[in-house]
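My notes follow the structure.

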Amino acid sequence: MFCKSLLIAVCLEVLVFAAYAQDVPRWNFNVGGGIGFPQSNTADFVNNGANFVVGGGPNLTRLLGVDGEFMWHDLPVKQSVITQLGVPAASAREYALTINGILRLPMKGRLGIYGIGGGGWYHRSGEATAPALVPGTVCPPFWDWWGTCISGLWPANVVIASTSSNAFGGNIGGGVTYRLGESGVKFYTEVRYHHASHNQVNTDLLPLTFGVRW
């Protein structure tokens, strides 16, 4: 009798799990962008900058998923730093490829809340540039119209110094989603803290991202 009851219970659990699994999308995807705020020592060198993310991965359950993500984050160099360097212009940015876990809190209705965190490869690069006159047989029409062509020479920016650094880093944050209609598409707003231990100066960023998840 006990074995029969146990068999029935197991069968019911399998049926419930199968029905539940069919209702969970196999994959999740996200794309978004926004503005990022430098933190800690990073704020001494760069201003707020734009960010872009795109990612995707498998859903393990309704509440737990994995998100492989690419991030690009602009790092606009402060004018005071450019002046100290003694160069006309400078620019920098951060790239990241990370694997992140997503934990969705069970909620009713269209609103959702989730936590996200993980780690991976972070690459920071930058360069200082200066205008120069490059020899050319024909001036491009724009520079001709601009009145910058001099004896067949036209201006261009030349990299006079550059640097790059690779590092392992991590991130943690959370977001709010709003389901659009009866589809699986959700608008999301997310705040996430990124830290990467680059040479001499760590990179600490707090991007605020808006986008869609599905």
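**Rings, pockets and a cavity**

I started with the rings and found two aromatic pairs in the structure. For a pair, the ring centres of Phe, Tyr or Trp (its six-membered ring) lie within 6.5 Å, and planes under 30 degrees apart count as stacked, over 60 as edge-to-face and the rest as tilted.

Before going on, I noted that this is a predicted model, where local features need pLDDT of at least 70 and side-chain atom pairs count only at pLDDT 80 or more, while totals for chains, interfaces and linings use all residues. Residues are numbered from 1 along each chain as its sequence is written, and side-chain values use heavy atoms, with hydrogens and water left out.

Next I looked for a charge over a ring (NZ of Lys or CZ of Arg within 6 Å of the ring centre and within 35 degrees of the ring normal). Arg-213 puts its charged end over the ring of Tyr-188, 4.5 Å from the ring's centre.

Then the pockets. On a 1 Å grid over the protein atoms alone, a pocket is an open set of points with protein on both sides within 12 Å along at least five of seven lines, a cavity is a set where a 1.4 Å probe fits but cannot get out, and lining residues have an atom within 4 Å of a point. Points are joined across faces, edges and corners, and a volume is the space filled by probe spheres set on them.

The largest pocket has about 750 Å³. It is lined by 27 residues, and the closest to its centre are Arg-62, Arg-104, Thr-177, Arg-179 and Lys-186. Strands 1 (27-38), 4 (89-105), 5 (111-135) and 6 (153-179) each give two or more lining residues, and strand 5 gives the most, with four. Strands here are DSSP runs of E (at least two residues) and helices are runs of H or I (at least four), numbered from the N terminus.

I put the second largest pocket at about 650 Å³. Of its 26 lining residues, Phe-45, Val-77, Ala-92, Arg-124 and Thr-163 lie nearest the centre. Helix 2 (79-85) is among the elements that give two or more residues to this lining.

Last, I checked for cavities of 30 Å³ or more and found one.
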